[in-house]
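Take a walk through this fold, one element at a time. Keep the sequence beside you as you read.

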Amino acid sequence: YYPYVEAQPGAGKGLLAILSQEAALVVSDDAPTFFVPRMLDKAAQELACRFEVVDSIGLYPVRASTRMFTSAASFRRHLQKELPAHLVDMPDADPLATRHLPPMPDLPESVRSHWPPIDLGTSDALLCSLPIDHSIAATKLRGGPRAAERALSDFIEHKLVDYTSLRNQPSADCQSHLSPYLHFGHIASSEIFMALVAREQWTPGHMAERASGSRRGWWGMSEESEAFVDQLLTWRELGFNAAAHDPLYTRYQSLPTWAQASLAAHANDPRPYVYSEQELLDARTHDPIWNAAQRQLVREGTIHNYLRMLWGKKILEWSPRPERALELMIDLNNRYALDGRDPNSYSGIFWVLGRYDRAWGPERAIYGKIRYMSSDNTARKLRLGDYLKRYAEA
């Protein structure tokens, strides 16, 4: 393990090529998102040894499908037909347990001096020295695989039983809180799935024979486990499907044609409120529910899943144009969310503007045919008293 972090952009150039000179094999992640595809293409050109990339994203290999799915229902139906064949080949819990690898000698001094490893005992000092935005404070959430395992155990043992009935209630805290750990690779979706398998005493024989595309009944699990598996597999992996097949999946142009047309038709509608990015960042709007959700994002790096949808809808309503609304959502999310930049995170943002959705009526000002949400309706549907107190203005 050689912990290295670039002190300046480009400082790491040449390190991989040097390390690979004595290597039999270089292995990396195959992820269709962020800078990773460009990095893999560049590495493939520079390496003289064998180069393998491994898809460890989910249960269904990203490259097993050749097209982008435009709705969760169509992707779910596809998974129900194709996924069973992949469930028989799950990752080994400890793949090197029976392997005896020779010890590696220390790296040459020329490598250590030109690309000095970081001192893990001085991580705070290291962070202070890096050219990053130091106005964004660290959250209290612990990272790492042990913390991820504890979060999974807590969810399975104490929260999952109420997941179906209470997951939309912000004050109930029935969410899994696993998204940041999935995003940073501290836990794999296969580990989460196998924990559900153990809880349910499930086998592939429990699955329905026909692929109906239904969210319920196909897995043959309890209602709460099926609801969670649909989030873990259908919705999470749907985002990676978009990243793999649409190079513009983070751009406004990737929205469905009907959504772009409807938003364009209402782009000049009067807005009752228009807030600047700084006002949104500081949670200085007239809406106490939105302000609480924004404070949760800044303080904890996450927003309750249901309120994240309302958070985005209000930004659309309070922005001078829909294109600007998208820019604001992406900037705030990627700056503060612990799962920012994740394809699943982009799915939530773009769903606000019509991706994976359909046209809704009646047609409204600003929204057009985009699904409408209001804070008043949210307040009537949810118990928000404890949530609003928790994220009140400091």
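In helix α11 (residues 257–265), A259, S262 and L263 are buried. They span an arc of only 95 degrees around the axis, so they sit on the same side of α11. The arc is taken from the directions from the helix axis to the C-beta atoms. Why does such spacing line residues up? An α-helix has 3.6 residues a turn, so residues three or four places apart point the same way. Buried means under 20% relative accessible area, exposed over 50%, and partly exposed in between (1.4 Å probe, protein chains only). The face of α11 turned away from the buried side carries the exposed residues T257, A264 and A265. The cover over the buried residues includes α14 (305–317) and α15 (322–336); contact here means heavy atoms within 4.5 Å.

Some ground rules. This is a predicted model, where local features need pLDDT of at least 70, side-chain atom pairs count only at pLDDT 80 or more, and totals for chains, interfaces and linings use all residues. Residues are numbered from 1 along each chain as its sequence is written, and side-chain values use heavy atoms, with hydrogens and water left out. Helices (H or I, at least four residues) and strands (E, at least two) are DSSP runs, numbered from the N terminus.

A salt bridge puts a side-chain nitrogen of Lys or Arg within 4 Å of a carboxyl oxygen of Asp or Glu. By this rule there are 19 salt bridges. One of them joins D331 and R335 (2.5 Å, N to O). These two are 4 residues apart in helix α15, about one helical turn. Shared partners link E277, R324, E327, D331 and R335 into one network of salt bridges. Within it, E277 meets R335 (3.2 Å, N to O). E277 lies in helix α12 (residues 277–281) and R335 in α15, so this pair ties together parts 58 residues apart in sequence.

Now turn to the strands. β1 (residues 25–29) and β2 (residues 50–54) pair in the parallel sense over 5 bridges; pairing requires at least two DSSP bridges between the strands. V27 stands opposite E52 in β2.

Another salt bridge joins R63 and D30 (2.9 Å, N to O). R63 sits in the loop between β2 and α3 (72–82), D30 in the loop between β1 and α2, 33 residues apart.
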